Amino acid sequence: MLYRAVRPLLFALDPETAHGFSLKSLDFLHHLGVASQLLRPVARSISQPTVRVMGLDFPNPVGLAAGLDKNGEHIDGLAALGFGFLEVGAVTPRPQAGNPKPRLFRIPEAEALINRLGFNNRGVDVLAENLRRSRYRGVLGVNVGRNFDTPNERAADDYVACLRHVYPYASFVTANVSSPNTKDLRSLQQPGGLDALLVALTAERDALVKRYGNRVPLAIKIAPDIDDAGIEAIADRVADRGIDAVIATNTTVSREGVGHLPASREQGGLSGAPLKALATAVVAKLRRALPASVAIVGVGGIASAADAREKLDAGANLVQLYTALVYRGPSLVGEIVRGLASPGRVR
């Protein structure tokens, strides 16, 4: 109800400005100690068993997707909304400004967004310090990528550097090889490039296990715009190299279903409701191609408990939200958690 009242004011702002304002407002409410009471009343008193995935215990299967809190500056406030886990980033070794503004666009008619942010972030040193200072003790993923000016032949160095920096603070680490907004990044999904990257990451993880005494699971985040052969090839590399999870999916470069709307002409990745069916199809194909030991996190177009259940029924172990929060507000988290906990309430 509260979000419904303020949404017109937020939508009067540039989307990126509204994004920053919303997060600062959340931090303020959290500082006052009222964020959970005001923003997730539906999630109160939900009792359900923990979900064990990747060797980690999740209090519920509904997580925050990477991209909303790139620098890990709002973790404690976001945790108050009732998520079962959070994923921050994407982060790169060196700070970078990202692509020129404007670079984030709403498509309200389709409850969708287009973004071409381009891994804008303050660098892994800043993120690691924010993680160290956070009071959050739940499951926390960190999404990592390469700098825009690092060639793919040296991309593994960037991913390994990020892994090394965030390892002491992360519950799991995701290699983002699927953003459409960094030139040639998606080429890292091809078998040769992906295999080299996974070999480097798992070797570094093995060294870090010896150093810190704990094994942090590794995931990769893939695009929805991959054919069946490509999905099978990714599944083979993931299984062979001991990767713990696949996050499916990132944004799409397709404009199916929104091509008639003016904002669809903007370059970048499309997220939200138009992505739902495509992302769910990738989840189902991955589940058939992967061993049961490899987890799948379903993301793309989830705006209700029924949408989340659809991803889980297709083979996902967990789900993540982002774009629907812009249109439905933070109470959506509790609504989905409650709906999944009470199957008769799923809608």
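The largest cavity holds about 500 Å³ of space. A cavity here is a set of points on a 1 Å grid over the protein atoms alone where a 1.4 Å probe fits but cannot get out. Its volume is the space filled by probe spheres set on the points, with grid points joined across faces, edges and corners. The structure has 1 cavity of 30 Å³ or more. This is a predicted model, in which local features need pLDDT of at least 70, side-chain atom pairs count only at pLDDT 80 or more, and totals for chains, interfaces and linings use all residues. Residues are numbered from 1 along each chain as its sequence is written, and side-chain values use heavy atoms, with hydrogens and water left out.

What lines the largest cavity? The lining counts 38 residues, and A66, N115, N250, T251 and Y322 lie nearest the centre. A lining residue has an atom within 4 Å of a point. Two or more residues each come from strand 4 (85-91), strand 6 (112-115), strand 11 (269-272), strand 13 (318-321) and helix 11 (323-328). Helices (H or I, at least four residues) and strands (E, at least two) are DSSP runs, numbered from the N terminus. By type, the lining has 17 nonpolar, 18 polar and 3 charged residues. Ala, Val, Leu, Ile, Met, Phe, Trp, Tyr, Cys and Pro count as nonpolar, Asp, Glu, Lys and Arg as charged, and the others, Gly among them, as polar.

Next come the pockets. A pocket is an open set of points with protein on both sides within 12 Å along at least five of seven lines. The second largest pocket has a volume of about 410 Å³. Its lining has 20 residues, and H19, K70, N71, E73 and N120 are the closest to its centre. Helix 2 (residues 15-32) gives the most to this lining, with 5 residues. The lining of the second largest pocket splits into 5 nonpolar, 8 polar and 7 charged residues.

Now the charged pairs. The whole structure contains 15 salt bridges. Each is a side-chain nitrogen of Lys or Arg within 4 Å of a carboxyl oxygen of Asp or Glu. One joins E16 and R103, at 2.8 Å from N to O. E16 sits in helix 2 and R103 in the loop between strand 4 and strand 5 (104-107), so this pair links distant parts of the chain, 87 residues apart. E16 and R103 are both buried, where buried means under 20% relative accessible area, exposed over 50%, and partly exposed in between (1.4 Å probe, protein chains only).

R132 and E129 meet at 2.7 Å, N to O. Both lie in helix 5 (residues 124-133), 3 residues apart, about one turn of the helix. R132 is partly exposed because its relative accessibility is 47%. E129 is partly exposed too, at 32%.

R241 pairs with D195, and their closest N and O atoms are 2.8 Å apart. R241 lies in the loop between helix 8 (228-240) and strand 10 (245-248), and D195 in helix 7 (residues 191-212), so the pair ties together parts that are 46 residues apart in sequence. R241 is partly exposed at 35% relative accessibility. D195 is buried, because its relative accessible area is 18%. Salt bridges with shared partners also join R205, R215 and D244 into one network.

The backbone has some details to look for. The peptide bond from G89 to A90 is cis, with omega near 10°. A90 belongs to strand 4. A cis peptide bond also joins K101 and P102, with omega about -5°. P102 is in the loop between strand 4 and strand 5. E111, in the loop between strand 5 and strand 6, has a positive phi near 50°. F119, in the loop between strand 6 and helix 5, has a positive phi near 55°. Is E111 buried or partly exposed? At 26% relative accessibility, E111 counts as partly exposed. F119 is buried, because its relative accessible area is 5%.

Last, some covered parts. Helix 12 (residues 331-341) is mostly covered, with 8 of its 11 residues buried. Among them are L332, V333, I336 and L340. V53, in strand 1 (residues 51-53), is buried at 5% relative accessibility. V53 and A245 are 192 residues apart in sequence, yet 9.0 Å apart in space, C-alpha to C-alpha.
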